[in-house]
Amino acid sequence: MKRILLFIAITTVSLIGMLWLSTFGTVKYSMNEVLLMLLGSNSGSRSNIYMNLRLPRLIVGFLIGSGLAVGGNGLQLTLKNPLADPYIIGISAGASFGAVFSLFMKEVGKMTLSMDLLAFVFAVLSAFLTYAISRRGGRIPITTLVLSGVIVSSLFNAAVTLLVVFAWRNVITLHFWSLGSLSGVTWDDALKLIPAISLQYAIFSVIRRKMLIMAAGEDHAITVGINPERIKFIVFFTVSIVSAIAVSTAGLIGFVGLIIPHMVRLAFGTDNRLNLPATALLGGLFLIVCDTFARTLFQPTELPIGAVTALVGAPVFIYLLRSREVTGNG
Amino acid sequence: MADVITVRDLHIGYGKEEVLRGIDLSLERGEVLGILGPNGSGKSTLMSILCGILRNWQGSVTIMDRALKSYPSRRLAQVLSYIPQSFEPSFDLKVETIVSFGRNPHLKGFSALGARDYVVIDEVMTLTETLGFKERFFSTLSGGEKQRVVIAKALAQEGQILLMDEFTSHLDPGHARKIGKIATDLVRAKGLSAVAVFHDLNQAIEMSDRLIFMKDGEIAAHGRVWDIVNPAVIWNVYGLRAQIITNPVTELPLVVFYD
């Protein structure tokens, strides 16, 4: 009961908070104005800026934050590792490679290939590679999976470094891309993210019980009639696709998938049925808060959002690492 | 008496080394079969094979008149429950959640727990006296309480066969006895059958109907308690000299080591 109230409180605060945060920026709005615009009043260029720049950015930020947090939550349970996050499976390095490859093609091959598309393709490819490398006799041992992620990451990172030698003129573009940014996202990005993130949420809510059983060990899962390989497969590829879309839309945004699931576990408990909705909500809210800082702290200059999430996330992570949940057993 | 488990010529190896070298055994309906043997004799490997965790073995294993390899994992978990040495989830879970995992084999696809599942959960938690702390986090329980929760989870599976792998060896002698007794009493009260690996020879004698001694992946001796518990077998299996006296209270053999 206490937790339901907490959840309702968080939901209300999030909704109002997100709208309130959207009033800040180079163009300032009042809450009243925002509400009127959302209800359809049109005040010319001001509402144009809000409806076509600020609002999609808000929604895309929420979706990406949610998607990464829910993905991290799923991976942590299934891999039985409280430190797992969506980037552990190699997709961040794969996406960087895709991005630098598009720059390389532009500079050396005089071909324009979409950076977002290549980032997506290589992100998914690196996840597949990680999975394929760790597969042995029909099984994916968790330690092997994590290590393959590390190896695939260093492989793609090495390739990034090599290509940068050729594409050095654009290295600054790559640098900012890799730090992540929500500037310039559009309604199209939102439309692309909505189905993937809803699907991930739906899948994870139906297999949640099995994921919890997996969190108590794979051998244990077998003895209560679960095929752990199937669950790992489902979770792995759902998270890969969602994070690849997220990374190709807004670059590398770290720590959301790592710390939000932790905070929700501390507040709600791992096996609470509000755990998943709270993870989605708080993940989205966290990214919007970070993006507001990124937009407004040194305006009109924008900070890369990945730097903001890391600045906020790293201390929280250190705190969590030293607290009981990670070091002790639960 | 019908056999619920029949194992014939079971072999398994890791690399070149054979861990089990031709095991034959059977478990009769309603009995507790105790398995003893020194570390590395293959007891736990045998248990892992029976509960479906290890699959790369050769030989024939039949469980409830059906070949083990032909069981879908969910079906196997409906007839057979496993109680491990220790159970340590990586995340904090409530006691009731853990017991509810035992209902998983009875849930179709992705459906949620139904009314009957909650009835079963309540019943097994009453039997194991764990109902009082169902809302607590598993990590806050004592070793004895944890094992009772794990027994409750195994019973919630409603299988006919229990496999227990040294499930009291982390406990102090007092709790080991109590938990061991709770489990074997429940097996008898519910008419189940059990294979139990024991660490403690005298506990095994007290709780089992028949014993199997394993050594180097083979069965060194098997039979009823009074027939096989003798100094020669114990010397052969453990390399220890022992004398067998009659326990004045239970009138069962009591093994006393003297070197």
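Of the 23 residues of helix H11(A), 18 are buried, so this helix is largely enclosed by the rest of the structure; a residue is termed buried if 20 or more other C-beta atoms, placed from the backbone, lie within 10 Å of its own. Helices are DSSP runs (H or I, at least four residues), numbered from the N terminus. The model is predicted: local features need pLDDT of at least 70 and side-chain atom pairs count only at pLDDT 80 or more, while totals for chains, interfaces and linings use all residues. Residues are numbered from 1 along each chain as its sequence is written, and chains are lettered from A and ligands numbered from 1 in the order in which they are written.

H11(A) covers residues 228–250 and spans 32 Å between its first and last C-alpha, close to the 33 Å expected at 1.5 Å a residue, where the expected span is 1.5 Å times one less than the number of residues. The helix is followed by Gly251(A), with a positive phi near 75 degrees.

Helix H3(A), residues 45–78, has 34 residues and reaches 48 Å from first to last C-alpha, close to an expected 50 Å. A kink of about 30 degrees is centred on Met51(A), the bend being the angle between axes fitted to the seven residues ending at a residue and the seven starting there. Since 25 of its 34 residues are buried, H3(A) is likewise largely enclosed by the rest of the structure. Just after H3(A), Lys80(A) adopts a positive phi of about 55 degrees.

Within H3(A) lies Leu75(A), which is buried, with 27 other C-beta atoms within 10 Å. Apart from neighbours within four places in sequence, Leu75(A) is in contact with Ala84(A), Asp85(A), Pro86(A), Ile88(A), Val235(A) and Val239(A); contact requires C-beta atoms, placed from the backbone, within 7 Å.

H3(A) packs against helix H12(A), residues 256–268, at an angle of about 70 degrees, with the axes 7 Å apart. The two helices are therefore roughly perpendicular, a term applied to angles of 65 to 115 degrees. Residues making this contact include Gly65(A) and Leu68(A) of H3(A) and Val256(A) and Pro261(A) of H12(A).

Between the chains, 25 residues of chain B are in contact with 22 residues of chain A. On the chain B side, helices H2 (73–79) and H3 (95–101) each supply at least two residues, and the largest share, 4 residues, comes from H2(B).

How values were computed
Contact = placed C-beta atoms within 7 Å. Buried ≥ 20, exposed ≤ 12 C-beta atoms within 10 Å, placed from the backbone. Axes fitted to C-alpha atoms, helices over the stretch in contact; angles between N-to-C directions. Parallel < 35°, antiparallel > 145°, perpendicular 65-115°, else oblique.
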